[in-house]
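Here is a short tour for anyone meeting this structure for the first time. Take a look at the sequence and the model, and then we'll walk through a few spots.

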Amino acid sequence: KSVVAIVGRPNVGKSTIFNRLVGERISIVEDTPGVTRDRIYSEAEWLNQTFNIIDTGGIEMVDEPLLNQMRQQAEIAIDEADVIIFMLNGREGITAADEEVAKLLFKSNKPVVLAVNKMDNPEMREMVYEFYALGFGQPFPISGTHGLGLGDMLDEVVAHFPENEETEKEDDTIYFSLIGRPNVGKSSLVNALLNENRVIVSEIEGTTRDAIDTKLRKDDQDFVIIDTAGMRKRGKVYESTEKYSVLRALRAIERSDVVLVLIDAETGIREQDKKIAGYAHEAGRAIVIVVNKWDTVDSDEKAMKDFETKIRAHFQYLDYAPIVFLSAKTKKRLHTLIPMVQLASENHSKRVQTNVLNDVIMDAIAMNPTPTLKGRRLKVLYATQVAVKPPSFVVFVNDPELMHFSYERFLENKIRDAFDFAGTPIKIFARRRQ
Ligand code: GDP
């Protein structure tokens with residue numbers, strides 16, 4: 001999917017535009033209990049094309065002077081986006097900060113679309129001409145508050161999307177990514193994997209932007225580690241800001257089959273770990289929890305059990321995710337990781353036979369009667385798997401309202417008992433039979 005970033009001075013109207021483009025999507029996401037997504041990155045749609053949009057203004061910079069903030073925003077946009085929307089305040093004209101940003105954007109050679117905001121009525125449109133001086137071609141007059149001019153501007157944005165940007169996914173290649181707090185050991189683990197496995201390592205030039213994926217082959221199985229360049233590239237101030245690392249994680253998750261959620265054994269579980277893991281879960285990807293730096297812990301059986309108990313308590317929604325304890329530094333237990341990734345991936349795309357599935361469901365119902373609501377009882381007629389990645393099941397019932405959450409959970413557990421779905425979330429939808 002293409003990525004669009006909005007840059008511009010504070011108060012120029014970036015978030016207003018972001019919220020308009022994202023529309024109801026964000027509020028839908030925020031209404032779902034559990035993890036709340038940051039309001040800086042979301043999916044948007046125009047002319048039947050979905051793309052991701054970043055509001056660089058939402059990434060907090062640590063007490064930086066305006067000009068530095070602007071530079072950092074521009075750098076993030078250049079790093080991350082296929083197309084950049086450069087927002088300006090039509091009523092104020094071109095400021096020194098605008099010129100600074102323009103210089104950076106110009107050097108990057110990324111497509112830039114000028115959005116001149118606060119042009120609330122047609123008479124003001126004349127005012128956009130001065131913005132030709134920035135050298136990015138036609139400026140588009142818009143009004144964020146009134147929602148004017150957005151269509152023309154978006155036509156221009158979409159016109160710059162690279163065609164067929166995604167590389168053809170080879171059928172059986174397993175794409176995985178490593179996510180976790182800064183310093184949890186993501187880069188160390190990637191390096192350890194690449195060294196240890198004596199694999200054929202080749203860097204695939206990023207399909208877009210600066211992302212560099214690394215190909216890895218082990219026992220006749222191809223893997224791609226997503227965005228390893230992002231892990232190696234170091235030292236930029238903005239990389240350490242929390243929202244930016246979340247943004248990176250979201251981008252990597254999106255392209256993954258399997259997500260490795262890294263936890264630091266030395267520091268233990270932190271709030272940020274839960275948030276990051278929540279994103280992977282929400283996205284429906286296969287998940288393996290990796291406890292890194294296990295060399296720093298007295299690694300007897302009991303320590304492992306205790307740590308596992310903690311993880312299960314903190315990440316209840318990830319009860320399906322296997323846990324691997326290892327050390328990227330000493331390479332202890334490192335060899336257990338890749339087989340686990342492979343297993344999670346297989347289960348993520350597993351299809352089960354309809355007749356076996358229905359036997360399982362009917363046995364479950366015989367064991368634990370269906371719930372009732374106001375004197376009416378749920379009747380389950382038939383179940384079928386409708387999708388993989390993650391495995392998704394439709395259960396046809398007399399009335400979906402009667403499907404209580406806890407009963408759905410019970411059916412999920414029965415399905416999990418019957419088939420091996422370790423490492424993958426599964427989804428169950430109750431539908432009224434036509
Ligand atoms: P990233 O920010 O998640 O990519 O983390 P890094 O890979 O840069 O690692 C952060 C720090 O943790 C570095 O100083 C590493 O040497 C250290 N580190 C990484 N893995 C391990 C490990 O398994 N054991 C120990 N003791 N230290 C580790």
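## A hairpin

Strands β9 (residues 213–218) and β10 (residues 221–225) run antiparallel and are joined by five bridges. Strands here are DSSP runs of E with at least two residues, helices are runs of H or I with at least four, and both are numbered from the N terminus. Two strands pair if DSSP finds at least two bridges between them.

Two residues sit between the strands, and Asp219 takes a positive phi near 45°.

## About the model

This is a predicted model, where local features need pLDDT of at least 70, side-chain atom pairs count only at pLDDT 80 or more, and totals for chains, interfaces and linings use all residues. Residues are numbered from 1 along each chain as its sequence is written.

## Around the ligand

Of the 16 residues around the ligand, Gly185, Lys186, Ser187, Ser188 and Lys329 come nearest (a residue is near if its C-beta atom, placed from the backbone, lies within 6 Å). Helix α6 (residues 186–196) gives the most to this shell, with three residues.

Now for α12 (residues 354–367) and α13 (residues 405–418): their axes come within 10 Å and cross at roughly 130°. Axes are lines fitted to C-alpha atoms, for helices over the stretch in contact, with angles from 0 to 180 degrees between N-to-C directions. The two helices are therefore oblique to each other, oblique being whatever is left after under 35 degrees (roughly parallel), over 145 (roughly antiparallel) and 65 to 115 (roughly perpendicular).
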